[in-house]
Protein chains: 2
Amino acid sequence: MNHWKLTLAVLLALACAGPQRAPQTLEQVLAQAQPSDWRTPDPQQTLYLDVNGGRVVLELAPAFAPQHVAAIRALAQRHFYDSQHVVRVQENYVVQWGGGELQVPALPDEYTRTSDGLAFAPLADGDVYAPEVGFVDGMPTARDPARHSAWLAHCWSMVGVGRDMPPDNGNGAELYVVSGHAPRHLDRNLAVVGRVLSGMPLLTALPRGTEAMGFYAADVAKPAMRVQLAADVPPGERVPLEVLRTDTATWQAYVAARRSRREPFFVVPTDRVELCNTLPPVRTPPPNPR
Amino acid sequence: MNHWKLTLAVLLALACAGPQRAPQTLEQVLAQAQPSDWRTPDPQQTLYLDVNGGRVVLELAPAFAPQHVAAIRALAQRHFYDSQHVVRVQENYVVQWGGGELQVPALPDEYTRTSDGLAFAPLADGDVYAPEVGFVDGMPTARDPARHSAWLAHCWSMVGVGRDMPPDNGNGAELYVVSGHAPRHLDRNLAVVGRVLSGMPLLTALPRGTEAMGFYAADVAKPAMRVQLAADVPPGERVPLEVLRTDTATWQAYVAARRSRREPFFVVPTDRVELCNTLPPVRTPPPNPR
């Protein structure tokens with residue numbers, strides 16, 4: 001086949017591939033996203049953590065750890081966390097807070113759940129740790145088809161429940177957020193309850209703890225917390241945030257744009273994308289009412 | 001086959017597998033490591049970066065980017081970086097320094113190299129981004145057997161050379177370190193020149209920049225740098241550090257212990273390990289001369 005015949009064949013193949021968008025950059029995908037491509041997190045499932053002079057917004061994931069999430073919401077509503085502090089800041093691992101005495105029984109194991117009934121948007125690129133990965137309602141999720149099980153992945157910004165040694169499963173009084181490279185070996189070993197949508201640097205730029213595992217020394221002034229359920233804040237005072245939906249064609253275009261970067265900076269597109277490098281974008285919605 | 005026959009078969013299989021250590025924890029592997037399992041980085045290929053009140057130790061990787069490494073060593077020896085500052089701190093991405101005017105030509109592309117001649121210790125667990133991954137002299141490395149090419153992976157703590165748009169390849173005046181989840185889409189797009197062995201929090205806990213891409217605003221006081229080649233510091237004043245070798249049976253035991261965590265905290269061993277979650281340990285050598 002000579003060069004021109006080859007070119008013709010390629011053009012025909014492209015034409016016959018059906019309606020496809022041209023390769024786009026991340027910026028282009030987001031610029032073309034419609035209002036319906038974004039969702040507003042439920043204020044009943046959103047926490048505000050005031051710490052270190054600013055506000056961290058945490059979206060809970062009741063579909064994965066319903067009893068832990070219910071316990072955390074209840075603790076927030078009775079202001080338990082307001083007497084708590086950041087107690088641990090370990091480089092490239094976790095920032096942890098809370099843990100004060102709490103006379104309630106530990107909760108059941110919610111490390112995994114059935115994959116049945118989950119609207120799972122798979123990522124085609126594979127994963128080192130799990131048979132399948134993808135997103136459920138914007139949360140990075142792993143799935144094992146053989147066991148019909150699913151669990152949230154320990155990506156940067158994901159929040160889990162601290163616990164003691166097994167069989168303790170934690171009670172929600174102590175929480176941690178992943179602050180560095182995804183420690184995926186924690187998957188299925190702890191209850192993961194949500195994702196920080198904004199304010200990560202308020203936690204990750206804190207001074208590192210100098211004790212074992214990054215705990216703060218006894219004589220260090222620990223950052224104080226104040227935690228509220230967003231629904232308990234007047235609507236006009238809530239943090240306006242939207243998260244890109246993961247069940248849309250726009251999401252697929254976003255993943256494709258991350259998989260093969262088209263920005264002029266890139267010489268070689270990787271043509272692969274990894275779960276924890278593809279967390280859904282979060283934005284402050286545009287000011288004009290739609 | 002009944003249960004007892006199966007058990008016997010398993011026992012025979014284990015007995016016939018030859019000498020194998022019992023499963024160990026990370027702590028056990030490191031406690032049993034011999035002095036010869038550790039290596040001392042070459043002071044000719046080690047930089048000290050004094051910043052933010054402390055010292056960052058950076059081991060260079062001349063096998064991967066020889067011309068960039070040579071340029072960086074020369075810049076350090078003529079005190080170029082001592083007039084430079086940290087200019088960018090972007091959450092979960094990179095911390096970047098330097099970039100002052102430098103009237104030298106850009107260097108050639110050293111984004112990948114031939115895999116020939118590299119002592120590559122493969123990791124058996126696979127990778128999302130590359131056909132093969134493993135370690136070369138302690139540096140996390142990706143390899144493409146089909147193209148006989150190899151490159152350093154953008155893991156947390158790996159250092160690369162900032163550059164402008166292609167075809168610029170950078171000249172070493174501006175460097176960055178990966179501060180969060182591994183941005184592996186940068187692999188093969190930039191020259192990676194080494195790994196920070198200690199002092200990461202001096203860079204990663206800095207206040208985040210508020211401009212686009214985490215650059216510091218013009219009116220912000222930027223942290224000053226002082227950079228020396230370790231070989232230019234009197235031996236008695238050098239930072240004593242050792243890195244676990246990656247070409248030993250102890251290294252294989254260490255990887256196995258990370259792959260399947262045996263510590264009592266873990267309920268489910270993941271039985272997988274990922275490149276950037278397996279960086280070689282660094283220690284201050286024991287005080288007693290051996």
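Among contacts in chain A between residues at least 6 apart in sequence, what percentage join residues at least 24 apart? In this predicted model, the share is 71%. The secondary structure of chain A comprises 5 helices and 16 strands, and 44% of its 290 residues count as buried. Taken along the principal axes, the C-alpha atoms of chain A fill a box of roughly 75 × 45 × 40 Å.

Confidence in the prediction was examined next. Chain A has a mean pLDDT of 92, with 91% of its residues reaching 70 or more, and the model as a whole scores ipTM 0.91 and pTM 0.92. Residues 1-19 of chain A, however, have pLDDT under 50 throughout, and for this stretch the model has 1 contact beyond four places in sequence. Where pLDDT is low, the predicted coordinates should not be read in detail.

The relation between the chains can be described by a superposition. Chain A is brought onto chain B by a rotation of 180° with 0.0 Å of shift along its axis, the RMSD being 0.0 Å; the two copies are thus related as by a two-fold rotation axis. The contact between them draws on 37 residues from chain A and 37 residues from chain B, and on the side of chain A that touches chain B these residues divide into 18 nonpolar, 9 polar and 10 charged. Because 100% of the interface residues of chain A are also interface residues in chain B, the copies meet through the same surface.

Within chain A, helix α5 (residues 249-259) has the buried residues A:Trp251, A:Ala253, A:Tyr254, A:Val255, A:Ala257 and A:Arg259. The buried residues of α5(A) pack against α2 (26-32), β7 (121-122) and β15 (242-244) of chain A. Strand β15(A) also belongs to an open sheet of 3 strands, which has the order β1-β15-β16 in chain A and antiparallel pairing. In this sheet β1 (38-39) and β16 (282-283) of chain A are the edge strands, each of which pairs on one side only. The antiparallel pairing of β1(A) with β15(A) extends over 2 bridges, and A:Trp38 stands opposite A:Leu244 in β15(A).

Strand β11(A) runs antiparallel to β13 (residues 192-198) of chain A, to which 3 bridges join it, and A:Met158 has A:Arg195 as its bridge partner in β13(A). With strand β12 (residues 174-178) of chain A, β11(A) likewise pairs in the antiparallel sense over 3 bridges, and here the bridge partner of A:Val159 is A:Val177.

In chain B, strand β13 (residues 192-198) is largely enclosed by the rest of the structure, because 6 of its 7 residues are buried. Strand β3 (residues 54-60) of chain B runs antiparallel to β13(B) and is joined to it by 4 bridges, with B:Leu60 standing opposite B:Gly194. Strand β11 (residues 158-161) of chain B is also antiparallel to β13(B), through 3 bridges, and B:Gly194 is the bridge partner of B:Val159 in this pairing.

Conventions. Residues are numbered from 1 along each chain as its sequence is written. Chains are lettered from A and ligands numbered from 1 in the order in which they are written. This is a predicted model: local features need pLDDT of at least 70, side-chain atom pairs count only at pLDDT 80 or more; totals for chains, interfaces and linings use all residues. Copies are superposed by least squares on the C-alpha atoms of residues with pLDDT of at least 70 in both. Two residues are in contact if their C-beta atoms, placed from the backbone, lie within 7 Å. Ala, Val, Leu, Ile, Met, Phe, Trp, Tyr, Cys and Pro count as nonpolar, Asp, Glu, Lys and Arg as charged, and the others, Gly among them, as polar. A residue is buried if 20 or more other C-beta atoms lie within 10 Å of its own, exposed if 12 or fewer, and partly exposed in between; C-beta atoms are placed from the backbone. Two strands pair if DSSP finds at least two bridges between them. pLDDT is the predictor's confidence in each residue, from 0 to 100.
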